[in-house]
Amino acid sequence: MTEQSAPTTAENAPPAPFATADLLLAFVNTQSQPGRARDLLDDRTALTEWLASYGMDDDAMIVTDADAAATRELRGAFTTVFRSHGCEQGAELLGEAEQLLRSYGRRYPLTPVIEADGCTFRPSHTGIVGAFETLLAAAVDLAARDVWPRMKMCSSSSCYRGFYDRTRNSSGRYCSTRCSQQAATHAYRDRQKKNCATKPTPAT
């Protein structure tokens, strides 16, 4: 199974420094986005197309609508974890998401490959099971590289994209300069409204 650069990464965002990060970002960004109403995993046909675009399909693969539902469930768990990185958004759902990811890890175990250069974890199967394992292996790879906390969801209220935080101290909250500027503009307007609301009414 091969990995490709994500066509569904945040607008104007450069590719993440690792293929595994690009893969997981593309995965969470299959959700409905501003300007794209369709969920790219909404049924078995859509899931099959997405898996094929990332080389995670094979001639014997059979994908069902139940598989598509399970994939969306896994995506939701990753999204919640990414949203919790660096902010409090989704904190109330984090425990449930982590529990779900642990259950997927038990259901789809990875194979350790030990070599002179180090150890990696790779899928143990092909087909849709192998696809799930590829996504889990990507998470393991990023954790091993100590960059897992840099996988985040944009904090803009009008954006739902995942992104790789490239800031030095991992303090980034927005997927792009555009989202950051929009958030700053909205915050400024909110302050202006509050200031106007608190000004005393001139005596008549």
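I count a contact when heavy atoms lie within 4.5 Å. Helices (H or I, at least four residues) and strands (E, at least two) are DSSP runs, numbered from the N terminus. This is a predicted model, in which local features need pLDDT of at least 70, side-chain atom pairs count only at pLDDT 80 or more, and totals for chains, interfaces and linings use all residues. Residues are numbered from 1 along each chain as its sequence is written, and side-chain values use heavy atoms, with hydrogens and water left out.

Entry on α1 and α5. I looked up which residues of α1 meet α5. On the α1 side I found T20, A21, L23, L24 and F27, and on the α5 side T134, L135, A138, A139, D141 and L142. By class these are eight nonpolar, two polar and one charged. I use nonpolar for Ala, Val, Leu, Ile, Met, Phe, Trp, Tyr, Cys and Pro, charged for Asp, Glu, Lys and Arg, and polar for the others, Gly among them. Helix α5 spans residues 127–144, and its axis comes within 9 Å of that of α1, crossing at roughly 130 degrees. Axes are lines fitted to C-alpha atoms, for helices over the stretch in contact, and angles run from 0 to 180 degrees between N-to-C directions. The two helices are therefore oblique to each other. Under 35 degrees I call a pair roughly parallel, over 145 roughly antiparallel, from 65 to 115 roughly perpendicular, and the rest oblique. The crossing of α1 and α5 is left-handed, meaning that the near helix is turned anticlockwise from the far one by less than a right angle (clockwise would be right-handed).

Entry on α1 and α3. Helix α1 (residues 19–28) packs on helix α3 (residues 65–84) at about 110 degrees, with axes 9 Å apart. The pair is therefore roughly perpendicular. I noted a left-handed crossing here too. L24, F27 and V28 of α1 touch T71, L74, R75, F78, T79 and F82 of α3. I sorted these residues into six nonpolar, two polar and one charged.

Entry on α3 and α5. The axes come within 11 Å and cross at roughly 5 degrees, which makes α3 roughly parallel to α5. D67, A70, T71, L74 and F78 of α3 contact I128, F132, L135, L136 and A139 of α5.

Entry on the strands. Strands β1 (residues 111–115) and β2 (residues 118–122) run antiparallel and share five bridges; I take strands as paired if DSSP finds at least two bridges between them. A hairpin of two residues connects β1 to β2, and V113 faces T120 in β2.

Entry on charges. I counted four salt bridges, each a side-chain nitrogen of Lys or Arg within 4 Å of a carboxyl oxygen of Asp or Glu. One joins R38 to E49 at 4.0 Å, N to O.
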